[in-house]
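Hi everyone, thanks for making time.

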Amino acid sequence: MNKIMKLCTSIFVIVMLYSCNQDIDRFNNADNYIYFNMPFVLNQYGKETSVRQDSLSYSFALDDISVTSYVFKIPINTVGLAHSQERTYRVEVVADSSNVTDADWDKSCIENLTIKSDSLRDTLYVKVFRSEKIRSQWCHIVFRLLPNENFQLGDEKLLTAKISFSDILTPPDWWNKWQGVFGDFCREKFVKWQEIYYLGADPNVETIGGPGLGKPLYWDNMPYYAMSSWYPSTFMFVRIMKQYFIDNEVYPDGDTSKPRVLLP
C-alpha cells in the first residue's frame, strides 16, 4: 500500500513540474511583455473573482449638463525588469469594433505612450466627449496593444480593452410602478429624487415584500407598492420633491420650449 502511495505521489509531482515548466516556457524571461491590466469581476459579495472585465463603461446621463467630458483610466502592466530609461509602447484602435469619430474622443491619448523609468506600469487616459451622437447610441472604442522594440505581447486575452460611453438615460425598473406618483420619466426628476431620497434619509426598511425586503428604503430600493398609507415616510419625501418643482422652474435639459418639470 505504501509503495502504491509513493508511486502516485511521484507521478503527481512529475505532472505538476511539467505543467509549471509549460507555463514558464510560454514566455522568455529575457524579454519584456505588456498587457492591459483590466479589473477583476466582483462576485455577489463584492470580492474579486479570477475573471477579468472585458470592458469599461460610463454614462453621462446623470451628470449635470455642464459636464462635457470624462476620462477613462485603463491600467497597463508589464512583465520583466524595470529599466532606468523610459520605454515606449504602442496601442491602436480596432476600427472594425469601434464606432467613434474625432468629435467623440481625443485620439491623441494613444500617441507617445511610455512606461516611465524604473516602472513596470502605466495608465492609458482616454478622454471622451459628451457629443450629440451619444444621446441616441452607445459609442465603443476597442484598443489593441502592439509589439515594438521594447515589449512583446503578453497573454492574448489581455491584449485588447474596450470602453463604452453614452448619454442615454433609462428609467429604473421601479419607475413604471411609480409613474402615477412621479409622472413621465425625465433626467431632472430622477436626479432630484436621488438627491432627496438618498440612502439613510428614510430610517425605515422594506417590510412588505419584493427583492428589497428587509433593506433600507431609498431611491434604489423603492417601496414594493406605491401606496401612501403603507409607506407614509416615502411619500413625505415625494411631497418635498413635488414642492421643489413648484417653487423652481425646471425644464427638461434646460429647454424652455418644453413643458416645465412637475409632478402630478
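Let's start with the largest nonpolar core, which has 27 residues. By nonpolar core I mean a set of buried Ala, Val, Leu, Ile, Met, Phe, Trp, Tyr and Cys residues joined through side-chain atoms within 4.5 Å. Buried means under 20% relative accessible area, exposed is over 50%, and partly exposed is in between, using a 1.4 Å probe and protein chains only. The members that touch the most other members are Phe36, Ile74, Leu124, Val126 and Phe143.

Who supplies this core? At least two residues each come from strands S1 (33–36), S5, S6 (87–93), S7 (113–115), S8, S9 (139–146) and S11 (160–166). The largest share, four residues, is from S9. Helices (H or I, at least four residues) and strands (E, at least two) are DSSP runs, numbered from the N terminus.

There's another core apart from that one, with 22 residues, including Trp174 and Phe190.

Quick word on the source: this is a predicted model, where local features need pLDDT of at least 70 and side-chain atom pairs count only at pLDDT 80 or more, while totals for chains, interfaces and linings use all residues. Residues are numbered from 1 along each chain as its sequence is written, and side-chain values use heavy atoms, with hydrogens and water left out.

Back to Ile74. Skipping residues up to four places away in sequence, Ile74 touches Phe36, Leu124, Val126 and Phe143, among others. Contact here means heavy atoms within 4.5 Å.

Now the sheet. Four strands form an open sheet in the order S8-S5-S1-S10, and the pairing is mixed. S8 (121–129) and S10 (152–153) are at the edges with a single partner strand each, so one side of each has no neighbour in the sheet. Two strands pair if DSSP finds at least two bridges between them. S5 (residues 69–79) and S8 run antiparallel, joined by nine bridges. One example: Ile76 has Asp122 in S8 as its bridge partner.

Which strand holds Val79? Val79 is in S5, and with a relative accessible area of 44% it's partly exposed. Beyond its neighbours within four places in sequence, Val79 is in contact with Asp31, Asn32, Tyr33 and Tyr35. Val79 and Leu153 are 74 residues apart in sequence, and their C-alpha atoms are 9.8 Å apart.

Last stop, Tyr225. You'll find Tyr225 in the loop between helix H3 (187–196) and helix H4 (232–247). Tyr225 counts as partly exposed because its relative accessibility is 36%. That's my tour, thanks!
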